[in-house]
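Subject: Structure for your review

Dear colleague,

Please find below the structure that I am handing over to you.

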Amino acid sequence: MKRNPTRKDPAVLIMAGGMGTRFWPASRERLPKQFLPICGPKPMVEESFDRAASLTDPQRIFVIINAHHRSTARKILGDRGARLVEEPCGRNTAPCIGLGCIHVIRRFGDLPTIALPADHFISGRTEFLRCLQQGVSLLDKGGLVTIGITPTYPETGYGYIEKGVSLSDGEAYRVDRFVEKPNLERAGEFLASGRYLWNSGIFIFKPSTMLKEIALHLPRLGEGLGRISESLGTERYPEILEEVYGGIEPISIDYGVMERTKEPVYVVEGRFGWSDVGSWAAVRKLREAEKDAEGNIASGKVLFLDTTNTFVHSQTERLIAVLGLDDLLVVDTEDVLLLADIKRSQEVRRFSEMVRRKGRTEYV
């Protein structure tokens, strides 16, 4: 882990403000996905921090969290040197990145900055860091940079990036366009063409450029960020931050800026392992190496009998016995037991909405 920053070290924004309903009941409002060890032994935000700390000094890493998760974030990262930036409420990635830019500029000036989601799975750290470093170097051309992932199957749950003109090294391109999530037929066409990459949600930019683009394309957000910036370092900062965030409409940086900008946008093609880990089914896919001869994967005390392709995630000491089932998802927590068809794991969030409507907020 680097401890001695140089002038070339970038800033990193780790976006960790999500509330997380897709991993209910393991994930709750008080402990969303990014603070859980979903894909490995460490919480996902800690894994993200460790990767970033291989690239830059921890003092240049800003972890943007929801204010409700202050104690959890401090418990996980408190002694690591990260700077915690709190959002009063979640407003998607454009306000999150804009707020981070303000803090980077105040602390370090217009430093090249990388925005990373806290809750993505990444393998192949050397290639990942190489892509980020290449992306930072592309800022010398001006504009904005993103990382695209070489697709390996026709995924319908991701946005895509169409590659344009290749740069000299053949690993980076001008972006022709961003494409929303396709249906299966179009996703197959994208894969076969070789011209499309998965949109990783990783962005690289100068803070001044990003704030300029926000002001141009999202003027209300730009005005609000200006007010927050003026209040930084004063007693009024918490009050202004809460007031501005209360009036911000949620919007992603992809839709709000990247798809609208007239600045040149470049994409570095990443050939590292990546997933946005959007469902329990995605976790099962990532952990395929652990499956038994019948395709079952388990965490905790589990017995399988005449059962196939089943995924069990247990956070308790209970013994779980599964008989004669296929494609089952079991998530066992201290107060909730979830049983589901794993092919429908994207719908798990509906339970969170249901218990909220019934006033059972202890399960949310």
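Predicted model: local features only at pLDDT ≥ 70, side-chain atom pairs only at ≥ 80, totals over all residues.

Two helices in contact

Helix H3, which covers residues 93–108, packs against helix H7, residues 219–231. Their axes are 10 Å apart and form an angle of about 35°, and the crossing is right-handed. On the H3 side, the contact is made by Ala-94, Pro-95, Gly-98, Leu-99 and Ile-102; H7 contributes Leu-221, Leu-225, Ile-228 and Ser-229.

A helix with two sides

Helix H2 spans residues 70–77, and its buried residues are Thr-72, Ala-73, Ile-76 and Leu-77. Seen down the axis of H2, these buried residues fall within an arc of 105°, so they line one face of the helix. What do they pack against? Their partners are helix H1 (44–53), strand S2 (61–66) and strand S3 (83–87). On the other side of H2, Ser-71, Arg-74 and Lys-75 are exposed.

The ends of helix H5

Helix H5 consists of residues 184–193, and Asn-183 caps its N-terminal end. In this cap, a side-chain oxygen of Asn-183 lies 3.2 Å from the backbone nitrogen of Glu-185. After H5 comes Gly-194, which has a positive phi near 75°.

Is Gln-34 buried or exposed? Its relative accessible area is 3%, so Gln-34 counts as buried. Leaving aside neighbours within four places in sequence, Gln-34 is in contact with several residues, including Ala-16, Pro-43, Met-44 and Asp-119. Pro-25 is found in this loop between S1 and H1 as well. The peptide bond leading from Trp-24 to Pro-25 is cis, with omega near 5°.

Asp-327 is placed in the loop between strand S15 (319–323) and strand S16 (328–332). With a relative accessible area of 14%, Asp-327 is buried, and its side chain makes a polar contact with the side chain of Arg-284 at 3.3 Å. Leaving aside neighbours within four places in sequence, the residues in contact with Asp-327 include Arg-284, Thr-308, Asn-309 and Lys-343. Although Asp-327 is not a glycine, its phi is positive, at about 55°.

Asn-309, one of those contacts of Asp-327, lies in the loop between strand S13 (301–305) and strand S14 (311–314). The phi of Asn-309 is near 50°, a positive value in a residue other than glycine. Asn-309 is partly exposed, with a relative accessible area of 32%.

Glu-242 and Pro-88

Finally, Glu-242 belongs to helix H8, residues 237–246. Its relative accessible area of 53% makes Glu-242 exposed. What separates the C-alpha atoms of Glu-242 and Pro-88? The two residues are 154 residues apart along the chain, while their C-alpha atoms are separated by 5.8 Å.

Yours sincerely,
A colleague

Technical notes:
Residues numbered from 1 in each chain as written. Heavy atoms only, no water. Axes fitted to C-alpha atoms, helices over the stretch in contact; angles between N-to-C directions. Helix = DSSP H or I, 4+ residues; strand = E, 2+ residues; numbered from the N terminus. Left-handed = near helix turned anticlockwise from the far one by under 90°. Contact = heavy atoms within 4.5 Å. Buried < 20%, exposed > 50% of the residue type's maximum accessible area, 1.4 Å probe, protein only. Arc of directions from axis to C-beta. Polar contact = N/O pair within 3.5 Å; in protein donor to acceptor, adjacent residues only side chain to side chain.
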